[in-house]
Amino acid sequence: MGRLFVIDLEGLVYSCKHCQTHFAVTNDLISKSFHCKHGRAYLFDNVVNVTVGEREHRIMLTGWHTVADIFCVSCGSLVGWKYEIAYDKSQKYKEGKFIIERFKVLGPDGGGYDMNQDEPMTGSDEE
């Protein structure tokens, strides 16, 4: 096994709740209005310190997508997914973007999030 290189971000960051490895800066946050089966999820333009799993086709409430799960490079926790292909024209803006599940990260204030602490899911993107 080789040496693990981890990028430390500066400023306000989202990080792994298990090992505090940095994932993204607040400037890369596109939307907080996504949902997953465990509650809220955030859409980011760019993330670091993740490994990308195998591509797979998933049916979501917004249609068919090809996605790949993303995992923390330090502890291996599943933290979200990457949109590889969106088949509906209106969803093309998601391609190449990342979803991080809110309850799997620490926010910029260092606080964690509980599963399903928010209002009931409406307009969810994952089934």
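Author: Valine 13 has valine 25 of strand 2 as its bridge partner. In this predicted model, that pair belongs to the contact between strand 1 and strand 2, which run antiparallel and are joined by three bridges. The two strands form a hairpin, with five residues between them. Within the turn, glutamine 20 has a positive phi of about 65°.

Strand 1, residues 13–16, also pairs with strand 9, again in the antiparallel sense, over two bridges. On this side serine 15 stands opposite leucine 106 of strand 9, and cysteine 16 stands opposite valine 105 of that strand. In general, the strands of a sheet pair through backbone hydrogen bonds, in either a parallel or an antiparallel arrangement.

As for the whole chain, the protein has nine strands and zero helices. Of its 127 residues, 45% count as buried. Among contacts between residues at least 6 apart in sequence, 47% join residues at least 24 apart. The accessible surface comes to about 7,000 Å², and carbon and sulfur atoms account for 50% of it.

Lysine 97 lies in the loop between strand 7 (78–86) and strand 8 (98–101), and aspartate 45 in the loop between strand 4 (39–44) and strand 5 (50–60), so the pair ties together parts that are 52 residues apart in sequence. Lysine 97 counts as buried because its relative accessibility is 17%, under the 20% cut-off; aspartate 45, at 39%, counts as partly exposed.

Another salt bridge links arginine 58 with glutamate 56, their closest N and O atoms being 2.8 Å apart. Here arginine 58 counts as buried at 13% relative accessibility, while glutamate 56 counts as partly exposed at 37%. Salt bridges with shared partners join Glu56, Arg58 and Asp69 into one network. The side chains of glutamate 101 and lysine 104 also meet in a salt bridge, at 3.8 Å from N to O, and both of these residues are buried.

Technical notes
Residues are numbered from 1 along each chain as its sequence is written. This is a predicted model: local features need pLDDT of at least 70, side-chain atom pairs count only at pLDDT 80 or more; totals for chains, interfaces and linings use all residues. Side-chain values use heavy atoms; hydrogens and water are left out. Two strands pair if DSSP finds at least two bridges between them. Helices (H or I, at least four residues) and strands (E, at least two) are DSSP runs, numbered from the N terminus. Buried means under 20% relative accessible area, exposed over 50%, partly exposed in between (1.4 Å probe, protein chains only). Contact means heavy atoms within 4.5 Å. Accessible areas come from the Shrake-Rupley method with a 1.4 Å probe; for residues, only the protein chains shown count as cover. A salt bridge is a side-chain nitrogen of Lys or Arg within 4 Å of a carboxyl oxygen of Asp or Glu.
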